[in-house]
Amino acid sequence: KYGDNRLPDELRESIWQELDAYMRTNEPWRAASLTLIQLANDTGISSHHISQVLNDHLGLSFNDYLNQFRVNRVCAELTNKDRTLLDIAMDCGFSSKSSFNAIFKKHTGKT
């Protein structure tokens, strides 16, 4: 897909590790408005490199990558009986009930 512009394996792995650590530590995916450009600015990694690493390493688009974090956190929070499901979903970066429902079903196969 990237032809001659493909990142060397070592650089791709290094970017992946840095990106993954940043996402797990800082949880920027909690912001519903997070964009690829914002993530690039926050990490100092070019948006093109982030996109290429996500596509090559995970076979995911940027939005699917973010939503994977969001869905995983919602699933982890489901045992919290003090909060509604919609409250948890919004706290995890979903912008609406309908987007949460569609994305959750896409990622888990469950409603």
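The exercises below concern a predicted model.

**Exercise 1.** Determine how helix α2 is oriented relative to helix α3, and describe the residues that meet.

*Solution.* Step one is to locate the helices: α2 covers residues 36-43 and α3 covers residues 47-58. Step two is to consider their axes, which come within 8 Å and cross at roughly 105°. Angles of 65 to 115 degrees count as roughly perpendicular, and therefore α2 is roughly perpendicular to α3. Step three is to list the contact: from α2, the residues Leu36, Ile37, Leu39, Ala40 and Thr43 meet Ser47, Ile50 and Ser51 of α3.

**Exercise 2.** Decide whether Asp20 is buried or exposed, and state which residues it touches.

*Solution.* Asp20 belongs to helix α1, residues 9-26. Its relative accessible area is 17%. Because buried means under 20%, Asp20 is classed as buried. Leaving aside residues up to four places away in sequence, Asp20 touches Tyr65 and Phe69.

**Exercise 3.** Describe the lining of the largest pocket.

*Solution.* The largest pocket has a volume of about 160 Å³. Its lining consists of Trp16, Asp20, Arg24, Glu27, Trp29, Tyr65, Gln68, Phe69, Asn72 and Arg73. The elements that supply two or more of these residues are α1 and α4 (62-77). Of the elements, α4 gives the most, with five residues.

Methods:
Residues are numbered from 1 along each chain as its sequence is written. This is a predicted model: local features need pLDDT of at least 70, side-chain atom pairs count only at pLDDT 80 or more; totals for chains, interfaces and linings use all residues. Side-chain values use heavy atoms; hydrogens and water are left out. Axes are lines fitted to C-alpha atoms, for helices over the stretch in contact, and angles run from 0 to 180 degrees between N-to-C directions. Helices (H or I, at least four residues) and strands (E, at least two) are DSSP runs, numbered from the N terminus. Angles under 35 degrees count as roughly parallel, over 145 as roughly antiparallel, 65 to 115 as roughly perpendicular and the rest as oblique. Contact means heavy atoms within 4.5 Å. Buried means under 20% relative accessible area, exposed over 50%, partly exposed in between (1.4 Å probe, protein chains only). On a 1 Å grid over the protein atoms alone, a cavity is a set of points where a 1.4 Å probe fits but cannot get out, and a pocket is an open set with protein on both sides within 12 Å along at least five of seven lines; lining residues have an atom within 4 Å of a point. Grid points are joined across faces, edges and corners, and a volume is the space filled by probe spheres set on the points.
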